Amino acid sequence: MSKGIILSGMRPTGKLHIGHLSVLENWVRLQSEYECNFAIVDWHALTTSFDDTSLIKENVWNMALDWLAVGIDPEKSTIFIQSRILEHAELHLLFSMFTPLSWLERVPTYKDQIQQLGMQGKDISTYGFLGYPLLQAADILVYRANAVPVGEDQLPHLELCREIARRFNFLYQTNLFPEPQALLAKIAWLPGVDGRKMSKSYHNEIAIDASEEEIAAKVRQMVTDPQRIHKTDPGHPEVCTVHIYQKLYNTGGIEEITESCRSGAIGCVACKKQLAAKINEALMPIREKRKGLAAKPQLVKEILAAGEECARKKARETMQLVREAMGVQ
Ligand code: TRP
Ligand code: SF4
């Protein structure tokens, strides 16, 4: 029944927000079609926060709670923390022996990111950051995954991963590694409440575990049609951030809202109230489940320990074959 093996990962760089929800909901769907492995990639978080590691453990923990709360199911999927599986590091090292530097230097995000973070005063021209996509290839190939659900921004990394698999298979005359394909899902894009990219650093995000009051407050801050001064002015939903959210969270009422907005029959305050109620309705079960899990840390630790054991078993099997193919001890 399984269409194959999936590996995907997220960097634990902060609390998840509702912009991440559609990515996770896609993972939840994939769980019944594939053998899924989901990694909290804390070593990848180190590439940018090696100088302040104080929040990484907390972020890993929050990510585990968020994942479980949205329905990543430990009965179906292997959920684990990357740094617990040393085989990722071993495979990364072995890959590094035959990876031309030029392959890593030409990954399009590489120079961009160094420059971008450089402007913020952060120097990430490190060995580790150069090797970021190679470590990602090891994450994927150590489970011999053939499918990777990712966003478009990750396509160059997947391309490199396939090149590494091909080069390994060619050099050591084997077909140990598949060439993993990206699974690009239609991911609904959500702006932050101020209309810019949703990001914790802009304080324009709605956290996955936001309370009813927090949701209401964030929705009140949302930018609307700037041309609407009086509530009876005809509105332009196509330029309104609230409307983007309505389309996603109020699928049943969207036509009526759009009409009432255009005709000036509904004011923005009322429209936002409706939206806040809809978002709250959607987040309530996640919030409740998350609360329940947070109250049982022992249970969550056991889930992660079981995931770790399962991941390690698979990774060890691959590494045994890798060593044999390469002729190393
Ligand atoms: N680079 C990915 C991102 O920023 C995170 C990641 C690390 C990953 N290892 C992975 C994604 C393996 C998919 C598969 O989103
Ligand atoms: Fe936006 Fe709603 Fe106001 Fe229309 S009524 S401008 S959709 S907030």
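What does the accessible surface of the protein chain come to, and what percentage of it belongs to carbon and sulfur atoms? The accessible surface is about 16,900 Å², and 54% of it belongs to carbon and sulfur atoms. Accessible areas come from the Shrake-Rupley method with a 1.4 Å probe, and for residues only the protein chains shown count as cover.

This is a predicted model, in which local features need pLDDT of at least 70, side-chain atom pairs count only at pLDDT 80 or more, and totals for chains, interfaces and linings use all residues. Residues are numbered from 1 along each chain as its sequence is written, chains are lettered from A and ligands numbered from 1 in the order in which they are written, and side-chain values use heavy atoms, with hydrogens and water left out.

**The chain**

The protein chain has 14 helices and five strands; these are DSSP runs (helices H or I, at least four residues; strands E, at least two), numbered from the N terminus. Its radius of gyration is 22 Å, close to the 20 Å that the globule rule gives for 329 residues, so the chain is as compact as a globular protein of that length. The radius is taken over C-alpha atoms, and the rule is 2.2 Å times the number of residues to the power 0.38. The C-alpha trace spans about 75 × 45 × 40 Å along its principal axes.

Of the 329 residues, 49% are buried. Buried means under 20% relative accessible area, exposed over 50%, and partly exposed in between (1.4 Å probe, protein chains only). Among contacts (heavy atoms within 4.5 Å) with a separation of 6 or more, 78% join residues 24 or more positions apart.

**Ligand 1**

The shell around ligand 1 (residues with a heavy atom within 4 Å of it) includes Leu7, Ser8, Gly9, Val41, His44 and Tyr132. It divides into six nonpolar, five polar and one charged residue. Here Ala, Val, Leu, Ile, Met, Phe, Trp, Tyr, Cys and Pro count as nonpolar, Asp, Glu, Lys and Arg as charged, and the others, Gly among them, as polar.

Polar contacts are pairs of N or O atoms within 3.5 Å; within protein, one must be able to donate a hydrogen and the other to accept it, and residues adjacent in sequence count only if both atoms are side-chain atoms.

| Residue | Distance |
|---|---|
| Gln136 | 3.0 Å |
| Asp139 | 2.8 Å |
| Gln154 | 3.0 Å |

Taken alone, ligand 1 exposes 370 Å², and the protein buries 88% of that. The elements giving two or more residues to the shell are β1 (5–10) and α8 (132–141); α8 gives the most, with four.

**Single residues**

His44 is found in helix α2 (residues 42–49) and counts as buried at 2% relative accessibility. The side chain of His44 reaches the backbone oxygen of Tyr132 at 3.1 Å. Beyond neighbours within four places in sequence, the contacts of His44 include Arg11, Gln82 and Leu135.

Trp189, in the loop between β5 (181–183) and α10 (212–221), counts as exposed at 58% relative accessibility.

Most residues other than glycine have a negative phi. Arg144 has a positive phi near 45 degrees and is partly exposed, with a relative accessible area of 25%. Gln173 also has a positive phi, of about 45 degrees, and is exposed at 66%.
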